[in-house]
Amino acid sequence: MSAPALDTAAWASPWRRYSPGDKVLLSLGLVISALVLPPWPASGLVTAIALGLILGPGRVPPHLLLRAARGPAAFIVLGTVSIAITWRTSGFGPTVTSESLTAAASTLSHAVAGTSAVLLLAATTPMTDLLSWARRRGVPEAVVDVAGLTYRLLFVLLESVSAVRSAQTARLGYTSRRATLRSASGLAAATLTRAFDRARRLETGLAGRGFEGVMRTVGEQQSSSRSFELWTFASLALVVAVSLGVA
Amino acid sequence: MHIAEGYLPPLHAAAWTLAAAPFVVHGARCVVREVRERPESRLLLGAAGAFTFVLSAIKLPSVTGSSSHPTGTGLGAVLFRPPVMAMLGTIVLLFQALLLAHGGLTTLGANAFSMAIVGPWVGYGAYRACSAVGLSFWVGVFAALSLSDLATYVVTSVQLGLAHPDPTGGVLGSIGEFLGIFALTQIPLAVAEGLLGVLVFRILARIAPEELRSLGL
Amino acid sequence: MNTEVAGLTFAYTGGPPVLAGVDLKIPSGSRIAVLGANGSGKSTLLRCLSGALKPTSGRISVGGHELRHNRSGLRRHRHLLQLITQDPDDQLFSASVREDVSFGPVNQGLSEEEVRARCEEALDLLAATHLADRPTHQLSFGERKRVAIASAVAMRPAVLVLDEPTAGLDPAAGIEAVDALARLHEQGTTLVMATHDVDLALAWADEVVVLSRGVVRQGAPAELLDSDPVLEEARLRRPWVLAVAARLRALGVIEAESRPRDESSLLALLARE
Amino acid sequence: MNTEVAGLTFAYTGGPPVLAGVDLKIPSGSRIAVLGANGSGKSTLLRCLSGALKPTSGRISVGGHELRHNRSGLRRHRHLLQLITQDPDDQLFSASVREDVSFGPVNQGLSEEEVRARCEEALDLLAATHLADRPTHQLSFGERKRVAIASAVAMRPAVLVLDEPTAGLDPAAGIEAVDALARLHEQGTTLVMATHDVDLALAWADEVVVLSRGVVRQGAPAELLDSDPVLEEARLRRPWVLAVAARLRALGVIEAESRPRDESSLLALLARE
């Protein structure tokens, strides 16, 4: 697995300068509007606003957005198909009814809108910003520390997973089902021991830097922007007004 | 299988979040207590979280020939115990939602309930039950990993079925439908995950016996 | 078994080309050093050679077999060519050295007996027989590097591509690694070594390949590594033996035809005068 | 602030002594290279210096403050002396460069304003200011090494101990690292560098410390690294500049008093002749 596209996008986005809290408000506001309002036109509006902001002012490269959207797309398609198909009580085999199609279409539009709105937050806000925000909002220090270390170490481990896997592939480790299982277990065990080793070495490294039980740092300063918040409320109001008007 | 954002109606999303909350809060308390007693344990917990995240990038052999990935909830439960996994698993699910767009924010509660709570508890329960009736450690590991994988998928199917009842078959019909779709791929995958667990612990027993001991295994 | 690369280009999705038309001819049994600063595309070239990356265009062939990126094509290619990465821990994932070395041969579908023979042979070539029953995590860095090479050698590839085989080793372990490569060379294996060490490249290689901005120059070490434009473009420094020998030739201290390639041959020239 | 080590011995539980009576005098503001083959006890010495290991016996003091292994003693010692390990991932715990560099100063109890100033200064000294807003996981190995050094420098230690600061770097990144060390030296920081690279030690250090079998010899680089018994016992090779210069002096090509310490000074001597 290469570096997650959304993470790359988030660190490079000019929207990083906005406070994470502001972006959480916007993103969750859009998600909830899409969920509670009638799918048409709310979901369409939310999708348009979210994607427009990601690609416009958020300046996320389209190829990164496409790569990021591939994962949820598979689930959404599979899930939609299974709603669209229904089993007739009389007779056998799957069938499609107008009722099931409507249900599928409304779920599809909810999912697309909701996912786009979450992508807006994910593609413009690095995890470290969100974690510092969570710390300021009263999430327990210990939990934020563990999450921060998880975030740092997962890249260290991802790098080693992909290196070990490509070495196994080169030595024909994934050419049969048996070999694949053997390779996968070797890979998982090696990754786990490396994770322990990393933790131990980091512990010594941090002790040398004066770690005595508190993991405090001084990082980015992003204060919330009044105009960003105004724009957020305006867009949400627009979505609500238009949706209720049409309905 | 992570339920995507927007896939659950608001009431369902809220209900599953409420259902998951006590477990996650309990897990968070465990983490806070652990860290207060031994400040350096946050490094080990961070590494455990990173490992849980990365496990899903490991390929398993599957029937269809396409790649599948282990859920890892059973392995995590045996190694780190269900309460801690409730917290770590939720952190990992949040990361998967925001780094990979797998899952979502309003569906985080539902996903945590199936993957960070029910999966680990069923796996850990199976592991303890096996050792209680005198079965070998390896049977316990196999049962823990395969059953936690299956339990996770059963819960996910129930969550989806409740949210999207079939117009003719109702809730039960649609749960059956989702179970049917996933069973095809999930039963062989659960077996593969169980075997993977046995092989992983075989290797660990040789290269990391001290670590296993320190985890109480 | 000659290795040929023709018109190789590669770009990561959404990025500029990293390799822009690379041509190489690697004669059977030769020792080739690949030089280039970080970012020159060296790792990308190695990963294309090994089949881990699929080039955007161009051809790679070993012994006349062109590399095709399908299941059977990749499998054949991996019988012929093996890449050894810089960090040995990327290749050592089993509990014991013997298990690790046997991983490749077992996947090649060889009989148990044959697998054992291959392992013994590979460990012997790498002077690592005494390590066979040790757990991999107890080995020193230099020992792990030798075992990682043995793991690839056990598959009997015709071509061995090594990324920085001496990096991170203390001088004694570095000499052991170079000695092991000499045994593989004697045995007929084609060796391609990527390195930052211009002095080692000059002393060791039959030919050098200098990469910069996605294109390569291939030639004799003493010529290419003494050429100002080549060195400047690739951001390499001149091997000290060449710099010193040039001055000494100009001063008439050593003969005008003397082309020492390493410290010992330079010192020998100075002893003779 | 001089650093002194007297009668340092260390043994891991149940093992033979790794250090057997080490004495060192490190003058304030000097550059010391510590040399020794793998297994010579080099890492153990560095970890004793940093306070991570508690010696079996002997004393370590910085600026007259003797290191005591209790909470306040270790805290004071870490204000004075910082160790930078070989692998930067052992020290970088945060995905944000800026947060990581601020960790040490925050632990020192400085005000937020002062912490920010220290971070800017440290990043500037390491030529890493442009990395402050990038995530750790997007940095190259050489960049991560510079950030790890900056994280220690931000604590303004009087003594900086570095384990192999140039290992694994390509030549350009190696030069950047050495340049950064030169800025720290100018600023008055005492630098102790453990390295395998005898050529670098000769060119860079004011004094070298050669470790073998748990004991050290300390002296001038051009003398210690030119002594056959010292080199043999420590399994080190002679820096090539010394080997070549000795021959050239014998041949009368350079003056008998010439003691070049690196390639450029040797070439300068040859240009002058």
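This is a predicted model: local features need pLDDT of at least 70, side-chain atom pairs count only at pLDDT 80 or more; totals for chains, interfaces and linings use all residues.
Local features need pLDDT of at least 70 and side-chain atom pairs count only at pLDDT 80 or more, whereas totals for chains, interfaces and linings use all residues. Residues are numbered from 1 along each chain as its sequence is written, chains are lettered from A and ligands numbered from 1 in the order in which they are written, and side-chain values use heavy atoms, with hydrogens and water left out.

## Salt bridges

Side chains of opposite charge can pair when their charged atoms come close. A salt bridge here is a side-chain nitrogen of Lys or Arg within 4 Å of a carboxyl oxygen of Asp or Glu. Over all chains, the structure holds 49 salt bridges.

| Salt bridge | N to O distance |
|---|---|
| R156(C) and E121(C) | 3.2 Å |
| R144(D) and D89(D) | 3.0 Å |
| R116(D) and E112(D) | 3.0 Å |

In the following, helices (H or I, at least four residues) and strands (E, at least two) are DSSP runs, numbered from the N terminus. For accessibility, buried means under 20% relative accessible area, exposed over 50%, and partly exposed in between, with a 1.4 Å probe and protein chains only.

The side chains of R156(C) and E121(C) meet in a salt bridge. This pair links distant parts of the chain, 35 residues apart: R156(C) is in the loop between α5 (141-153) and β7 (159-163) of chain C, and E121(C) is in helix α4 (residues 112-125) of chain C. R156(C) counts as partly exposed because its relative accessibility is 45%. E121(C) is also partly exposed, with a relative accessible area of 24%.

In chain D, R144(D) and D89(D) form a salt bridge through their side chains. Here too the pair joins distant parts of the chain, with R144(D) in helix α5 (residues 141-153) and D89(D) in the loop between β6 (81-84) and α3 (97-107), 55 residues apart. R144(D) has a relative accessibility of 10% and therefore counts as buried. D89(D), at 11%, counts as buried as well.

R116(D) is partly exposed at 23% relative accessibility, and E112(D) is partly exposed at 45%.

A network of salt bridges links residues of chains A, B and D: D197(A), R198(A), R200(A), R201(A), E211(B), D87(D) and D90(D).

## Contacts between chains

Contact means heavy atoms within 4.5 Å. Among the five pairs of chains that touch, chains A and B have the most contacts. No contact joins chain B and chain D, and their closest C-alpha atoms lie 9 Å apart.

Two packed helices are described by the angle between their axes and the distance between the axes. Axes are lines fitted to C-alpha atoms, for helices over the stretch in contact, and angles run from 0 to 180 degrees between N-to-C directions. Angles under 35 degrees count as roughly parallel, over 145 as roughly antiparallel, 65 to 115 as roughly perpendicular and the rest as oblique.

The axes of helix α7 (residues 141-170) of chain A and helix α2 (residues 41-55) of chain B come within 7 Å and cross at roughly 50 degrees. The two helices are therefore oblique to each other. Residues making the contact include L149(A), L153(A) and L157(A) of α7(A), and L43(B), A47(B) and F51(B) of α2(B). By class, this contact has 14 nonpolar, three polar and two charged residues. Ala, Val, Leu, Ile, Met, Phe, Trp, Tyr, Cys and Pro count as nonpolar, Asp, Glu, Lys and Arg as charged, and the others, Gly among them, as polar.

Helix α8 (residues 177-208) of chain A and helix α3 (residues 97-107) of chain C have axes that come within 11 Å and cross at roughly 160 degrees. They are therefore roughly antiparallel to each other. A179(A), R182(A) and S183(A) of α8(A) make the contact with F103(C), V106(C) and N107(C) of α3(C).

## Backbone geometry

W40(A) and P41(A) are joined by a cis peptide bond, with omega about 10 degrees. P41(A) lies in helix α3 (residues 39-55) of chain A.

E164(C) is not a glycine, yet has a positive phi of about 50 degrees. E164(C) is found in the loop between β7 and α6 (171-186) of chain C, and counts as buried because its relative accessibility is 6%.
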